[in-house]
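Have the sequence and the 3D view open as you read.

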Amino acid sequence: VLDEKSAKHDLPVDFIKSCGTDQVCHSDLELIASFNLKRDNEGIPIFKDGIDNELQLNVIVANNGEDAHEAQLTFTMPESISYVNVITDLYTTARNITCATNESKVFCQLGNPLRKNREAKFVIRLDAKNIDSSMKQLDFHLRVNTTSTEIDESDDFKHLVVKVTVE
């Protein structure tokens, strides 16, 4: 019979990671996003209510540092917009991008890990048929994050505005 003090033994387990000698991944995610819409004179995308039914959000997430574990994009959208699906770029190095929605939030898994010096390119399709014609603009807030240590968070956020016109 073993007593509980001698039966317990902790062993450290190191996973093989591409994270330098300290085994701490220092990632550097960069978010680039824009809507595939015509723009006004100020460069603001224009959604034509009554003509346009869909928004396409072009996204690139680059990892300019070491591996980014559990890399994710989260974005909020107006309640009148709904998520349709995600289309991955044929040539992206992160092909297994999956997205899920919870009301007006969308969560996209970008890779585990999103490898160093790689990028995920994809398009998020959004249904815009239910936009209220009194709306003047649509606001979208995007953020990328990782469970790895992020070197520079200043390029991890985007606030995108789409002007709404009635046709």
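A word on the ground rules. This is a predicted model, so local features need pLDDT of at least 70 and side-chain atom pairs count only at pLDDT 80 or more, while totals for chains, interfaces and linings use all residues. Residues are numbered from 1 along each chain as its sequence is written, and side-chain values use heavy atoms, with hydrogens and water left out.

Let's start with strand 10, residues 137-145. Helices (H or I, at least four residues) and strands (E, at least two) are DSSP runs here, numbered from the N terminus. In a regular strand the side chains alternate between the two faces of the sheet. Which residues of strand 10 sit on the covered face, and which on the uncovered one? L138, F140, L142 and V144 make up the covered face, with Q137, D139, H141, R143 and N145 on the uncovered one.

Two strands pair if DSSP finds at least two bridges between them. Strand 10 pairs in the antiparallel sense with strand 5 (residues 71-76), over five bridges. T76 is the residue standing opposite H141 of strand 10. There's also strand 12 (residues 157-166), which pairs with strand 10 over seven bridges, again antiparallel. Look for K158 in strand 12 as the bridge partner of L142.

**The aromatic pair**

F140 from that covered face turns up again here. The structure holds one aromatic pair. F35 and F140 form this pair, with 4.8 Å centre to centre and 55 degrees between the planes, which makes it tilted. For reference, rings of Phe, Tyr and Trp (its six-membered ring) pair if their centres lie within 6.5 Å; planes under 30 degrees apart count as stacked, over 60 as edge-to-face and the rest as tilted. F35 lies in strand 2 (residues 29-35) and F140 in strand 10, so the pair ties together parts that are 105 residues apart in sequence.

**Disulfides**

How many disulfides does the structure hold? There are two, where a disulfide is a pair of cysteine sulfur atoms within 2.5 Å. With the bonded cysteines numbered in sequence order, the pairing reads 1-2, 3-4.

| Disulfide | S to S | Relative accessibility |
|---|---|---|
| C19 and C25 | 1.6 Å | C19 1%, C25 6% |
| C99 and C108 | 2.0 Å | C99 17%, C108 0% |

C19 and C25 both count as buried, and so do C99 and C108. The link of C99 and C108 is right-handed, with 105 degrees about the S-S bond.

Now for the loops. The peptide bond from N112 to P113 is cis, its omega near 0 degrees, and P113 is found in the loop between strand 8 (105-111) and strand 9 (118-127).

Q23 isn't a glycine, yet has a positive phi of about 60 degrees. You'll find Q23 in the loop between helix 1 (4-7) and strand 1 (26-27), partly exposed at 32% relative accessibility. E70 also has a positive phi without being glycine, near 50 degrees. E70 sits in the loop between strand 4 (54-63) and strand 5, and with 46% relative accessibility E70 counts as partly exposed.

How values were computed: Buried means under 20% relative accessible area, exposed over 50%, partly exposed in between (1.4 Å probe, protein chains only).
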